[in-house]
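The sequence and structure come first.

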Amino acid sequence: QAKLKSFAAKIIQLLKEWTETFPYDFQDEKSMKELKEIAHRITQCDEVGVKKIISQMTQNLLMALSARSQYQEIREKFRQPVTDKGTILKTKPQSTQKDILSVCCDPLILAQQLTYIELERVSNIYPEDLMQIVSHMDSLDNHKCRGDVTKTYNLEAYDNWFNCLSMLVATEICRVVKKKQRTRMVEFFIDVARECFNIGNFNSMMAIISGMNLSPVARLKKTWSKVKTAKFDVLEHHMDPSSNFCNYRTALQGAAQRSQTANSNREKIVIPVFNLFIKDIYFLHKIHTNRLPNGQINFKKFWEISRQIHDFLTWKQVECPFEKDKKIQSYLLTAPIYSEEALFIASFESEGPENHMEKDSWKTLR
């Protein structure tokens, strides 16, 4: 008991940090039972206030687990892409179709609403979600099947948002019948991507560029010939994949430095390209060993992974400075998006096939 008294405060500090940062570690009965047994032993030392601290810590842990399980239950049903050819073939007059420009024609406002959605989704990603990447790889390396490996819903949901935004951009462009209006739509999304870059929202920017680089959009040569592509070329330069996305990483570093010295939430925003962020953690873990040749733990590796996750947690805590526009967000999150096949149908209807390969594809699709 005397020994326990001397380091009870340190054990409590460790458990408090652990339960607050990684509550998912305690969601199964075995680990919760172990936590309660340790807590019970600590309270035997009769230190003033220990019982109260332990009680508060347990209560906070249960609340955190409850909140996250509720989030899992009410998670969105992902939009299913439109595949019915009857809804894609343009038999209706264009005026009856609602598009993004009829909801929001200001690129800056749309970029702000995209940033609002991004920050909302990022706030649901926790350290343990990111550490699941490492756990998953370890379990694969050891040929084990761990039950907790699959609990990466938050990462999947965020990745799905990126894909949905890319497909929405492509859908909005491909389904426009008139070339002049289609050109305007392409230029509008280029401006939105540029505003996202200025805000520090690299994830939405990359999703928009990805949408415009999809084959059904990229093949619209008559449309692109009318587009002022100088701005788009600048954006593509920032997202150039050569040298491990060197240009993007420089821009991200600049945004991170701005965030550190910023006085307003508007200047603090940093939303990295999420799949690149995940890949960085993946490669850090894969390339470097857990232990050094002398058998000691490779702390340098874990400090680096920790630094990456710490940066992400700092960025996700930024309070969004933009007001929510329900109408715009509703459109962004619920507007119908086409499947890849549907996009090609809409694309060929906008601008007919130009070579034998495209003619064969169009024939097959019809």
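## Lining of the largest pocket

By class, 10 nonpolar, 3 polar and 2 charged residues line the largest pocket. Here Ala, Val, Leu, Ile, Met, Phe, Trp, Tyr, Cys and Pro count as nonpolar, Asp, Glu, Lys and Arg as charged, and the others, Gly among them, as polar. The model is predicted: local features need pLDDT of at least 70 and side-chain atom pairs pLDDT 80 or more, while totals for chains, interfaces and linings use all residues. Residues are numbered from 1 along each chain as its sequence is written, and side-chain values use heavy atoms, without hydrogens and water.

The lining has 15 residues, and Thr21, Phe22, Met131, Phe302 and Ser306 lie nearest the pocket centre. Two or more lining residues come from each of α1 (2-21), α7 (127-141) and α17 (299-316). The volume of this pocket is about 440 Å³. Domain 1 (1-78) and domain 2 (98-363) both contribute to the lining, so the pocket lies between them; the domain bounds come from an automatic or database domain assignment.

A pocket is an open set of points on a 1 Å grid over the protein atoms alone, with protein on both sides within 12 Å along at least five of seven lines; a cavity is a set where a 1.4 Å probe fits but cannot get out, and lining residues have an atom within 4 Å of a point.

## Helix α17

The largest share of the pocket lining, 7 residues, comes from α17. Helices are DSSP runs (H or I, at least four residues), numbered from the N terminus. The 18 residues of α17 should span 26 Å at 1.5 Å a residue, and the end C-alpha atoms are 25 Å apart, which agrees. The expected span is 1.5 Å times one less than the number of residues.

Among the buried residues of α17 are Ile305, Ile309, Phe312 and Trp315. Buried means under 20% relative accessible area, and exposed over 50% (1.4 Å probe, protein chains only).

## Cavities

The structure holds 4 cavities of 30 Å³ or more. The largest share, 3 residues, comes from α8.

## Cysteines

The count of disulfides (cysteine sulfur pairs within 2.5 Å) is 0. The sulfur of Cys104 is 6.4 Å from that of Cys105, the closest cysteine sulfur, too far for a bond. Cys104 is buried at 5% relative accessibility, whereas Cys105 is exposed at 53%.

Technical notes: Grid points are joined across faces, edges and corners, and a volume is the space filled by probe spheres set on the points.
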